[in-house]
Amino acid sequence: MRTVKQFEKETNNVKAPMSNWVRVTIETDEKNPKFLAVITNDDCETTDGLRVRLKPSKED
């Protein structure tokens with residue numbers, strides 16, 4: 001199983017924008033999950049103590 005750091009490294013040079021998603025919701029893996037972040041195409045919101053870095057796609 002890969003780690004988040006490994007996945008970041010594997011996808012560092014990906015240029016194509018994501019598609020098929022309206023938003024990404026990140027939450028804990030618990031019986032009653034806690035929301036950590038919500039990410040849309042052009043914005044994001046996180047709980048305190050987290051940050052999200054968005055990497056824009058390059059348009060040709």
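Visitor: How many salt bridges does the count come to?

Guide: This is a predicted model, and in it the count comes to four salt bridges. To read such a feature, one looks for a side-chain nitrogen of Lys or Arg within 4 Å of a carboxyl oxygen of Asp or Glu. One of the pairs joins arginine 2 to glutamate 10, whose closest N and O atoms are 3.4 Å apart. Another pair is made by lysine 34 and glutamate 30, and here too the closest N and O atoms lie 3.4 Å apart.

Visitor: Which residue forms a salt bridge with glutamate 8?

Guide: Glutamate 8 forms a salt bridge with lysine 5, and the closest N and O atoms of this pair are 3.3 Å apart. Both residues belong to helix H1, which covers residues 4-11, and because they are three residues apart there, about one helical turn separates them. Glutamate 8 is partly exposed, with 34% relative accessibility, while lysine 5 is exposed at 61%. Salt bridges that share partners then join Lys5, Glu8 and Arg53 into one network.

Visitor: Where is arginine 53 placed?

Guide: Arginine 53 is found in the segment after strand S3, the strand of residues 44-46. With a relative accessible area of 68%, arginine 53 is exposed, and its side chain is joined to that of glutamate 8 by a polar contact of 3.3 Å. The segment after S3 also holds lysine 58, an exposed residue at 69% relative accessibility. Sequence distance and distance in space can be read side by side here, for lysine 58 and alanine 16 are 42 residues apart in sequence and 8.0 Å apart in space, C-alpha to C-alpha.

Visitor: In what order do the strands of the sheet stand?

Guide: The general idea is that strands of a sheet pair through backbone hydrogen bonds, either parallel or antiparallel. In this model, three strands form an open sheet in the order S1-S2-S3, and their pairing is antiparallel. Strand S1, residues 24-27, and S3 stand at the edges with a single partner strand each, so one side of each has no neighbour in the sheet. On average, neighbouring strands of this sheet are turned by 10 degrees against each other, direction ignored.

Visitor: Over how many bridges do S1 and S2 pair, and over how many do S2 and S3?

Guide: S1 pairs with strand S2, residues 35-39, over four bridges in the antiparallel sense, and S2 pairs with S3 in the antiparallel sense over three bridges. Particular residues can be followed across the sheet: valine 24 stands opposite isoleucine 39 of S2, and threonine 25 has valine 38 in S2 as its bridge partner. Isoleucine 39 in turn stands opposite cysteine 44 in S3. S2 and S3 form a hairpin, with four residues between the two strands.

Visitor: What volume does the largest pocket have, and which residues lie nearest its centre?

Guide: As a general idea, rolling a probe the size of a water molecule over the atoms shows where empty space is left. The largest pocket in this model has a volume of about 1,600 Å³. Its lining is made by 35 residues, and Met18, Ile39, Arg53, Leu54 and Lys55 lie nearest the centre. The elements that give two or more residues to this lining are H1, S1 and S2, with H1 giving the most, namely five residues.

Visitor: Where is asparagine 20 placed, and what is its phi?

Guide: A backbone angle such as phi is read residue by residue, with an eye to the residue type. Asparagine 20 has a positive phi of about 75 degrees, although it is not a glycine. Asparagine 20 is placed in the loop between H1 and S1, and at 75% relative accessibility it counts as exposed.

Notes:
Residues are numbered from 1 along each chain as its sequence is written. This is a predicted model: local features need pLDDT of at least 70, side-chain atom pairs count only at pLDDT 80 or more; totals for chains, interfaces and linings use all residues. Side-chain values use heavy atoms; hydrogens and water are left out. Buried means under 20% relative accessible area, exposed over 50%, partly exposed in between (1.4 Å probe, protein chains only). A polar contact is a pair of N or O atoms within 3.5 Å; within protein, one must be able to donate a hydrogen and the other to accept it, and residues adjacent in sequence count only if both atoms are side-chain atoms. Two strands pair if DSSP finds at least two bridges between them. Axes are lines fitted to C-alpha atoms, for helices over the stretch in contact, and angles run from 0 to 180 degrees between N-to-C directions. On a 1 Å grid over the protein atoms alone, a cavity is a set of points where a 1.4 Å probe fits but cannot get out, and a pocket is an open set with protein on both sides within 12 Å along at least five of seven lines; lining residues have an atom within 4 Å of a point. Grid points are joined across faces, edges and corners, and a volume is the space filled by probe spheres set on the points.
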